[in-house]
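Have the viewer open and follow along.

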Amino acid sequence: MLTLDKVYHAAYILRECARKTDLIAAPKISENLYLKTENLQVTGSFKLRGAYYKISQLSDEEKSRGIVACSAGNHAQGVAMSAARKGITSTICMPDSAPVMKVDSTKKLGANVELVRGTYDDAHDRAVQLVQETGATFIHPYDDDFVIAGQATIGLEILDQLADVEAVIVPIGGGGLISGVAFAIKSLKPEVKIYGVQAAGAPSMYNSFKAHNREILESVSTFADGIAVKSPGENTFNIISNYVDDIVCVSEDEIAAAILELIEKQKLIAEGAGAVSVAAEMFHKLPVEGKKTVCIISGGNIDVNILSRVITRGMMMTGRNINLTIQLIDKPGQLQDVSRIIAECGANVVSVYYDHGDTNMAITSCFLKLALETLNIEQINAIKERLTREGFKIVTERV
């Protein structure tokens, strides 16, 4: 059973391995916004807290039989590090789609890794099978009171670091993090609003919360692998139903934009799961305007290859580049006039292509195709307005 005594005990035990992560103001993103930087935790994620506390409470007999876990990556690293510190053999089942960086890091921390074809839930089924075959202890990533108590220590830290906090926004996968944070904060300061955020492509807890009944998805689709969970926890669903004020979803593009915003404005690297809280605040999904709000950045373990694609998508989402096709009369000076307008608006041309061969245009015309680097959507709109006002016809536009 989850109790405040258990949460405080977890905080005491976690002094052995976890750091009290910084709470930093983020006025460049939004006024009154603060970031709880669990992406700067020892393993790059909050998951170390729950894993270590759970493992610390095992009996000597349980430790001797070893432990098994399932994870898309962050819980895996938390379990691997905790097991190594306690001298326990660990086997982690991970979906074969898990980022290579997370798989490699888990191995380097001393765990035996078994890659399982499919999603996190398939890895979970294999882990349960291993427990039955070997008698090892299963370390659940979220649906366990000791694990939840470990994650709840983040709530205690937030109250200590920002006594007048009014709202906390928390990423949700299976629900362990928000269950712990909501329980701790609501138990001590019930007037604080607790909001959860899921990826639109993996809304298991969102659907369950809205339907007031636990629902299991047939499939999930999101690059936020840390919260790509088909089945919400039973314990976590009950806690969330009692302590969480609302849950919303954010799109892939909104998550990408939040990752880019954190890089540019705060010099922080967040993975998709870690950035959903900021995405919800950025795109006004929740009623937190004017309130002192904390977004938990739950993890920063993002694959570099994915990061480059995410940055590109985020730049598109926020109007940082655009491709324009302009119909011109093919005569001298046209490109100069277009370039002048773009320069006066403060944008940068990165590529130019003349298309004389399109059968849909007049013989004396051409299509000028431009790729531009821009600051934001407002600047794009200003460029389009100036071009149209000076007589140029924009045929197509795309990011």
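This is a predicted model: local features need pLDDT of at least 70, side-chain atom pairs count only at pLDDT 80 or more; totals for chains, interfaces and linings use all residues.

1. Start with the open sheet of 4 strands, which has the order 5-4-3-6 and parallel pairing. Its edges are strand 5 (112-116) and strand 6 (137-138), each of which pairs on one side only. Strand 5 runs parallel to strand 4 (residues 90-95), with 5 bridges between the two. If you want a spot to look at, Ile-92 has Val-113 in strand 5 as its bridge partner.

2. Look for Thr-325 opposite Thr-396 in strand 14.

3. On to the rings: there are 2 aromatic pairs. Tyr-53 and Phe-146 have ring centres 5.8 Å apart and planes at 55°, so this pair is tilted. Because Tyr-53 sits in helix 2 (residues 47-56) and Phe-146 in helix 7 (residues 145-161), the contact ties together parts 93 residues apart in sequence. Tyr-53 is buried at 2% relative accessibility, while Phe-146 is partly exposed at 26%. Lys-6 also lies over the face of Phe-146, 4.4 Å from the ring centre.

4. What is the angle between the ring planes of Phe-183 and Tyr-243? It is 80°, with the centres 5.6 Å apart, so the pair is edge-to-face. Phe-183 belongs to helix 8 (residues 176-188) and Tyr-243 to helix 10 (residues 234-243), 60 residues apart. Phe-183 is buried at 9%, and Tyr-243 is partly exposed at 27%.

Terms used. Residues are numbered from 1 along each chain as its sequence is written. Side-chain values use heavy atoms; hydrogens and water are left out. Two strands pair if DSSP finds at least two bridges between them. Rings of Phe, Tyr and Trp (its six-membered ring) pair if their centres lie within 6.5 Å; planes under 30 degrees apart count as stacked, over 60 as edge-to-face and the rest as tilted. Buried means under 20% relative accessible area, exposed over 50%, partly exposed in between (1.4 Å probe, protein chains only). A charge sits over a ring if NZ of Lys or CZ of Arg is within 6 Å of the ring centre and within 35 degrees of the ring normal.
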